[in-house]
Amino acid sequence: MRALFLGGFAASQVEWIAPALESGIETEIAADDCDRRQVAAALEVADIVISEAWRQGLPAAPRLKLLQLPVAGTDRVDVA
């Protein structure tokens, strides 16, 4: 299973969140969420995404099982 820390804020939380993940979960960081090629490749294999936002236009995440927002509220999540 793979967890992706997507965006600058999520990347800044790795040291706090990663130790709480179950063993066997690999982590990847895509701090620059504007690098579409890196983000697309990372989302392709991510089962878990930790991010402060989920916007329209992000590449597909076909294996996504969990979207975790380490922030308050869901106003930055495009549910469409």
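A search of the whole structure, which is a predicted model, finds one cavity of 30 Å³ or more. A cavity is a set of points on a 1 Å grid over the protein atoms alone where a 1.4 Å probe fits but cannot get out; its volume is the space filled by probe spheres set on the points. The largest cavity has a volume of about 30 Å³. Its lining residues, those with an atom within 4 Å of a point, are L6, G7, D33, S51, E52, A53, R55 and L58.

One of these lining residues is S51, which belongs to strand β3 (residues 48–51). Strands are DSSP runs of E with at least two residues, and helices are runs of H or I with at least four. S51 is buried, with a relative accessible area of 2%, where buried means under 20% and exposed over 50%, with a 1.4 Å probe and protein chains only. The side chain of S51 reaches the backbone oxygen of L6 at 3.1 Å. Leaving aside residues up to four places away in sequence, S51 touches L6, A10, Q68, L69 and P70, contact being heavy atoms within 4.5 Å.

In α3 (residues 36–45), the buried residues include V39, A42 and L43. They lie on the same side of α3 because they cover an arc of only 100 degrees around the axis, taken from the directions from the helix axis to the C-beta atoms. On the other side of α3, R37 and A41 are exposed.

Residues are numbered from 1 along each chain as its sequence is written. Local features need pLDDT of at least 70, side-chain atom pairs count only at pLDDT 80 or more, and totals for chains, interfaces and linings use all residues, while side-chain values use heavy atoms, without hydrogens and water.

Notes:
Polar contact = N/O pair within 3.5 Å; in protein donor to acceptor, adjacent residues only side chain to side chain. 1 Å grid on protein atoms, 1.4 Å probe; cavity = no way out; pocket = protein on both sides within 12 Å on 5 of 7 lines; lining within 4 Å.
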